[in-house]
Amino acid sequence: MTPVVVLITIFAYFIVLFSISYAVGRRADSQGFFVGNRRSPWFVVAFAMIGSMISGVTFISVPGMVAASGFSYLQMVLGFVVGQLLIAYVLVPLFYRMNVVSIYEYLETRFGIASYRTGAWFFFISKMLGATVRLFLVCVVLQLLVFEPLHLPFVLNVVFTVGLVWLYTFRGGVKSLIWTDTLKTVCLVVSVVLCIYYIARGLHLDLGGLWQTIRGSEMSQMFFFDDVNDKRYFFKQFLAGVFTVIAMNGLDQDMMQRNLSCRNSRDSQKNMITSGIAQFFVNALFLMLGVLLYVYASAYGIAIPAKSDELFPWIATQGYFPGIVGILFVVGLISSAYSAAGSALTALTTSFTVDILGVKGKSEEQVSHLRKRVHIGMAVVMGVVIFIFNVLNNTSVIDAVYTLASYTYGPILGLFAFGLSVKTPVRDRYIPLVAIVSPILCFILDRHSQEWFGGYSFSYELLILNALFTYIGLLLLIRRGRDK
């Protein structure tokens, strides 16, 4: 694909996004920006959530990871489904009952202002890093397809990408995200299905042959029960999936603001259950695509890129298939990446405005003015962090996302778990110290785990350990005797 074709595709998709955002958001007040006025139909949110849970990381990294990990990722996705059920029946009723705008308001009610600020800051760090990793991947692909052929620097790439995201989220907030995520879901599913179709046609496979090729590949192994030290071990992946989705969806302002846009808690529960089950099948499609990509590359003698994240972009855009496949790839990538980055930018704006700066006592006009300034600031910070990550990156992007989540979401998970299970008051002013020490302890254990635990290597279950350290730390802060 030529750089001009890629740019035309991007601008065409962006025009559609901006039109939706403008139409939905032109009458949006602050409540519309933050929680969508709680009028979103649950089935629309459920369909949109399928796309919102699939970022550019999934679109690129999941197909490429099958060579090293097989279908083991589905073990984690099974955990996602269980985690979604727990969120639906434990957290959703709580947040609706409290009528919160930011879910971290619960921490202030349960513990105090220090806990509230701690949860908000850890979310800010978590979401900024996670969104940066996801958008970084898009910038890498755009650099390969557009900016490098035109001899343009990476920094211009970052400004271009972040600028587009900022423009289409400027007005609508959560209200526009629901509808742009719906468009994203359509684009993702259609893109993956048609890419599989064209690859199968290139391999001269009918539907039966396609299934046999995938099933007969060593890369299609899903369950791993043999070696507890293997990062693909079932219970590591499954339990990590359960707690990761609770932390990254249920305790994440970005994802929960969509669920809180439904009319009531029952509608929100329907949305979460439906989207959680659908997510399993969509991820299975991405993994099947990955197997077919490697089979196709082997059959036609195509050199496999050194980085697995580059496999899908390389085969889709370098003329091995009809031009429509390259266009579908770009549409799928930008639909997943721009929507994910847009929702992260909206959530960061919401959390920083409501939780960190505070809006109590301010008029609607003051809140609107503050929110617009924060929105610009979040976009600038995101661009700077993307550029820094480009200098430091040395790992698979999907691995980077979940590794970062293990450290940054752990304290949030521990705080909510303690708050829901233990009703005793704690010394709130020391909670920030516990939230900082817990990830440090996890880092030390992770670095020395093979030496100290007979070769055991931590995977994403480090998130659970991080939350456990936070929970234990809070137990030590329980007020007793004269402290009450």
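This report walks through the helices, the nonpolar cores and a few individual residues of the structure above.

**The overall picture**

The model is a predicted one, so please read every value below as computed from it. The protein has 20 helices and zero strands. Of its 484 residues, 60% are buried. Among the contacts with a separation of 6 or more, 85% join residues 24 or more positions apart.

**The nonpolar cores**

Let us start inside. The largest nonpolar core holds 142 residues, and the members that touch the most others are Phe59, Phe71, Phe95, Phe329 and Ile386. Helix H7 (residues 113–147) supplies the largest share of this core, with 18 residues. Another core lies apart from it and has seven residues, including Leu445, Phe458, Leu462 and Leu465.

What does Ile386 touch, not counting residues up to four places away in sequence? Its partners are Thr132, Leu135, Phe136, Cys139, Phe154, Val158 and Val162.

**How some of the helices pack**

Two packed helices are described by the angle between their axes and the distance between the axes.

| Helix pair | Axes come within | Crossing angle |
|---|---|---|
| H19 (residues 431–452) and H20 (residues 462–476) | 9 Å | roughly 140° |
| H18 (residues 410–421) and H20 | 7 Å | roughly 50° |
| H5 (residues 73–98) and H13 (residues 265–299) | 9 Å | roughly 170° |

Take H19 and H20 to begin with. Their axes cross at roughly 140°, and the two helices are therefore oblique to each other. H19 passes H20 in a right-handed crossing. On the H19 side, the contact is made by Ile431, Val434, Ser438, Pro439, Leu441, Cys442, Leu445 and Asp446. H20 brings Leu462, Leu465, Asn466, Phe469, Thr470, Gly473 and Leu474. By type, the residues of this contact are 10 nonpolar, four polar and one charged.

From H18 come Gly410, Pro411, Leu413, Gly414, Leu415, Ala417, Phe418 and Ser421. From H20 come Leu463, Asn466, Ala467, Thr470, Tyr471, Leu474 and Leu475. These residues divide into 10 nonpolar, five polar and no charged.

How do H5 and H13 run relative to each other? Their axes cross at roughly 170°, which makes H5 roughly antiparallel to H13, since angles over 145 degrees count that way. The contact of H5 with H13 is made up of 19 nonpolar, eight polar and no charged residues.

**Two buried residues in helices**

Gln279 sits in helix H13. Is this residue buried or exposed? Gln279 has a relative accessible area of 4%, and because buried means under 20%, Gln279 is buried. Leaving aside neighbours within four places in sequence, Gln279 is in contact with Met53, Val77 and Phe80.

Tyr116 is in helix H7. At 6% relative accessibility, Tyr116 counts as buried too. Not counting residues up to four places away in sequence, Tyr116 touches Tyr104, Glu105, Leu107, Glu108, Val354 and Asp355. Tyr116 and Ile431 are 315 residues apart in sequence, while their C-alpha atoms are 9.8 Å apart in space.

**Two exposed histidines in loops**

Finally, have a look at two loops. His151 is found in the loop between H7 and helix H8 (154–169). Its phi is near 60°, a positive value in a residue other than glycine. His151 is exposed, with a relative accessible area of 72%.

His204 is placed in the loop between helix H9 (174–202) and helix H10 (207–216). Phi of His204 is near 60°, again a positive value in a residue other than glycine. With a relative accessible area of 70%, His204 is exposed.

Note on methods
Residues numbered from 1 in each chain as written. Predicted model: local features only at pLDDT ≥ 70, side-chain atom pairs only at ≥ 80, totals over all residues. Heavy atoms only, no water. Core = buried A, V, L, I, M, F, W, Y, C linked by side-chain atoms within 4.5 Å. Buried < 20%, exposed > 50% of the residue type's maximum accessible area, 1.4 Å probe, protein only. Helix = DSSP H or I, 4+ residues; strand = E, 2+ residues; numbered from the N terminus. Contact = heavy atoms within 4.5 Å. Axes fitted to C-alpha atoms, helices over the stretch in contact; angles between N-to-C directions. Parallel < 35°, antiparallel > 145°, perpendicular 65-115°, else oblique. Left-handed = near helix turned anticlockwise from the far one by under 90°. Nonpolar A, V, L, I, M, F, W, Y, C, P; charged D, E, K, R; others polar.
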